[in-house]
Amino acid sequence: MRSSAARAYSLLFFFSGATGLVYELLWVRILYQTFGSTIQSITTVVAAYMGGLGLGAWLLGRKADRHPRPAALYGWLEIAIGAFGLASPFVLSLAHRVYIGTAGTFALGSAASVALRFGLAALVLLVPTTLMGGTLPALTKGFMGVERDRLQTSLGRLYALNTLGAVVGTALAGFFLIERVGIHPSLYATAALNLTLGAAALALARPLEPSPVAPSPTARSSDRTRRVALTLLAVTAFASLLDEIAWTRVLVMVVGGSTYAFTLVLLVFLLGIGLGSAIVARRSPARPPPVADAALAQGITGAGAALLLAFFAALPLFVIRVFQHPGFDAIERLGLMGLAVGAVVLIPAVGMGLSFPLLADLAAPRDAARGADVGVAYALNTLGSIAGAVLTGFVLVVTLGTETTLRLGLVINGVAALVLAALAARGVAEGSAEHRALRLRVLAAGGLGSIALGAAFGASGWSSRLIDLGPTIYARDPMSPAALQGFLAHRGARQLAFREGWNATVSVWEGLTGRTLRVNGKVDASDQGDMDTQIMLGLAPAAARPEATSALVIGFGSGVTTRVLADVPGMQRVRVVEIEPAVLSMSGLFARVNDSVLRRPTVSAMVDDARSALQLRRDLFDVIVSEPSNPWVAGVATLYTPEFFRIVQSRLAPGGVFSQWVQLYQLPLPVVAGIVRNVRAVFPHVEVWFSSSLDLMILGSDRPLTYDRAWIGRLLTPGTGLGELSREWLGIDSVGDHFGRHLLDENGVAQLAERGTLTHRDDRPELEFVAARRFLDPEWDSHVFDSLMALEVRVGGHPGTSPVLLARAMTAPRVPSTVGPILMAAHRAQPDNPVWLARVARMRFAAGDTAFVDSVLPALLRSHHPEALLFAAALAGRRGDQRARVALLREVVTRGGDTAEAEAGLAGAAAHAGDWRGTVTALRLALAGGPGSYRHPFPAGSLHDPLTGLALTGPPRLADSVLAVAAHAHPGWTTPYELRAAVALREGRCDDAVTQFQALTEFGIEVADAPDRLWHCRSGARR
């Protein structure tokens, strides 16, 4: 092909690569809306897509050899792709109806459902992907004509341009088209571009030129080399997909799981492949068969991939530095995240890009220039990729873990490099010109391959503690060096479980503040800090739907919301839809708060994507609760579109209530308003409730939301499971208290919806991108909740229905309030209520206003209210009046106040006086009375001093018995382990001390002088 025509076709093929990736990302999104985004759905769609590419390469490569104008064939392929692109929305819609109708009607099980998804995906994608797969061999044939020696450079050039075009397509779709233009308009625009490319290709097409030189028989490569190359085309492609999936799983844990993170990984991966192929394109056709070059390419891939094992510990540090830098905005942070991704992915991806055209050249016979040979190479490469995607996603990561999976990839690349290096050196006479030409490359390939194998078997692995940090979420504030080291070590928390599941990495951590469930490094549930939200998500809709008998929960989390609904009187059926099986497997670790709810006969759980599950099952429910993760997490925003809300509505019984969780952190008011507007577009009656100033419950129904106080009274009956949860964690003592968490009525919701600027629907999922950028922003609007309250006041309502009920919902005993206006409004409404006076005094004292506290102290004492007395006791202790403090604490106990805090204070006084039995008695009562709930907080700070005094100077047996009780009651509290070690050393029980020190290491705590203390203990024992 003439150079001018070659340049024109190169440009066309570059744009063709861009359209191919745009199509893939758009079609995959549409199919996910039908099939769901589970690993089964993702893998079946990807396998069907790749399968079509491989089939097209194999079939159409042969046709290119018979075609007089292969470049014209390429043009017709582009036109056919564009025609399908125009028709694809209709075809995909038809596939949606077939899937929902078939799977729903016949109630297909998991295996049958996966088979149907694959069959439909293959049927829909087979035509366009087969056409796409044929473009590379067709155009390669057009470039090399009948000159076999031009195969390698032609293939390298075209593969590089097409892949670099795919980089542009990835960036366009991931950063612009889907958010700003929409999926369907982008499809039509892409199809138009394909038609234009095809017309241009046809206009430029010319017949093949005859070869000026006959093929040289001396350039023939051995059959053994061809067989090895054909094998490695599949095997190394398997390793490439293995690496890509494993890298993505690791990087999402470090840089965050937003849609931008996935786009960056794909973009850098394709960039590396394109650059590698471009290097091959510059290789001289006159050089001998590239066995040594292929060996070097595999060595670069393996050694580059090994860098992740060597430098993984530096990645979280880099991310922390980026997010703690005050001058970086969202775009700059995103760019620096791209650098972190590039440090992991780029070098091995360049090696992968080098490998394909080199191996394809080795695999092709050297006696003729055939497009069929390119097609066979591409088909084998695609088959290996399919196997890599399926086995890695379904088997390897889940059974071996990501790290071991990556090591397997290193073994494949290392062995491939050594095998090819041996082939390159085989039969080469030492000292010959060929030996001198090959020596450096063969030695480099062997050395790099050996490095890959050495790293696979010898490199130290990363700790699951380090990978589970969530640095983009939890390390944004400046830290001292000591604080940074503590964060990196998870100091004060231990990992109870860590499981790499099909769709996400799930772990459970335990510390002083209880247990937390992490998904991809982000806390999504807990047994303390999130209890108010987890309870309200179930309680709010249950209170609005009297006599509910059926409920569905989207997202299991800790299982508390499921338990709340299962505890509703008369509830007969609760179904849980959870996308990640590993989350369900962690349920037992939260049995204290979820009451082993999955074991109840009325509760069932299914593993599926919410959209798929709701569309396939025809059951109706009285209550549906959706509690997904934050909208910035990739894939979650699909559960906030009007289309999804219509699916939910179709599964609600008449008068049923839908509850949608919305997290306010990092979401501005117009975005929150847009979400509410989407709910209101489907449900005519909408209200907003809250659990905290950062968490909302949007309630929607087809009927006005009315509340039967008698029914709510039944829900909150003292002594019942739901009644006790509400009392302990929400502070609800009466039916009226429930309404303290009512934020917006229908009038307020209507006003809020008018402020929505967000366009978020299936075809244009703007929320997914807006939320991802807000997640990257260094600052976020912390006054959204205040704006919502002001909005309710503006329409004539009152948040919480009254100042007093609102204050009861938003303030807590023993915690200085951060919502001063709300607290002051309650105090003004009930000036004689000692609770409000005590909380105002605590707030003012924390702000340094001691004069005000002194002025109201007599009134607090005269009230004899336990909360007022407890604050007065704390004040007396700070001022050194221990006698008054003890007297006040005793009165708190007598009047039924916060027993745990009061007894902890009494224990401190007894320890100070050397009354160890009194200390022990008070400590046991404090430990029993402070489970760590809203109503009964755990007084860790007040317990520390009496426990320390008892352990260091009190009777060792008494001390150890109390510390054992403390460790059992609060296993995430590290103080008992430290002090039990001290008691054991006092008694010469050195091995017991070792046990306690080892327990502390599980919490990331290394006691610096532990070796010396143990040495002295053992020395004393020997004497």
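I began with the second largest pocket, where α33 (834-846), α35 (866-878), α36 (882-894), α37 (899-912) and α39 (940-953) each supply at least two residues of the lining. The helices in my notes (H or I, at least four residues) and the strands (E, at least two) are DSSP runs, numbered from the N terminus. This is a predicted model, in which local features need pLDDT of at least 70 and side-chain atom pairs count only at pLDDT 80 or more, while totals for chains, interfaces and linings use all residues. Residues are numbered from 1 along each chain as its sequence is written, and side-chain values use heavy atoms, with hydrogens and water left out.

**Entry 1: the pocket**

I noted a volume of about 560 Å³ for the second largest pocket. Its lining has 25 residues, and the closest to the pocket centre are Ala 874, Arg 878, Arg 885, Glu 901 and Ser 942. Which helix gives the most to this lining? I found that α35 does, with 7 residues. Sorted by class, the lining has 12 nonpolar, 7 polar and 6 charged residues.

On a 1 Å grid over the protein atoms alone, a pocket is an open set of points where a 1.4 Å probe fits, with protein on both sides within 12 Å along at least five of seven lines, and lining residues have an atom within 4 Å of a point. Grid points are joined across faces, edges and corners, and the volume is the space filled by probe spheres set on the points. For the classes, Ala, Val, Leu, Ile, Met, Phe, Trp, Tyr, Cys and Pro count as nonpolar, Asp, Glu, Lys and Arg as charged, and the others, Gly among them, as polar.

**Entry 2: strand β8 and its neighbours**

I turned to strand β8 (residues 621-626), and 6 of its 6 residues are buried. Buried means under 20% relative accessible area, exposed over 50%, and partly exposed in between (1.4 Å probe, protein chains only). Strand β5 (residues 550-554) runs parallel to β8, joined to it by 4 bridges; two strands pair if DSSP finds at least two bridges between them. Leu 552 has Ile 624 of β8 as its bridge partner.

Strand β9 (residues 652-663) is also parallel to β8, with 5 bridges between them. Here Ile 624 stands opposite Phe 658 of β9. From β8 the chain passes through helix α23 (residues 642-650) to β9 in a right-handed β-α-β crossover. Right-handed means that, with the strands pointing away from the viewer, the path from the first strand over the helix to the second runs clockwise.

**Entry 3: strands β1 and β2**

I then looked up strand β1 (residues 493-500) and strand β2 (residues 505-511), which pair in the antiparallel sense over 7 bridges. A hairpin of 4 residues joins β1 to β2. The bridge partner of Ala 493 in β2 is Gly 511.

**Entry 4: the disulfide**

How many disulfides does the structure hold? I found 1, a disulfide being a pair of cysteine sulfur atoms within 2.5 Å. It is formed by Cys 990 and Cys 1017, with their sulfur atoms 2.1 Å apart. Cys 990 lies in helix α42 (residues 990-1002) and Cys 1017 in helix α43 (residues 1010-1022), so the pair ties together parts 27 residues apart in sequence. The torsion about the S-S bond of Cys 990 and Cys 1017 is about -95°, so the disulfide is left-handed. Both Cys 990 and Cys 1017 are buried.

**Entry 5: two positive phi values**

Most residues other than glycine have a negative phi. Ser 596 is not a glycine, yet has a positive phi of about 50°. It lies in the loop between α21 and β7 and is partly exposed, with a relative accessible area of 26%. His 864, also a residue other than glycine, has a positive phi near 55°. His 864 lies in the loop between α34 (850-863) and α35 and is partly exposed at 34%.

**Entry 6: further single residues**

Pro 601 lies in the loop between α21 (591-594) and β7 (603-607). I noted that Pro 601 is exposed, with a relative accessible area of 84%. Its C-alpha atom is 8.6 Å from that of Arg 573, 28 residues apart along the chain.

Ala 482 lies in helix α17 (residues 481-488) and is exposed at 52%.
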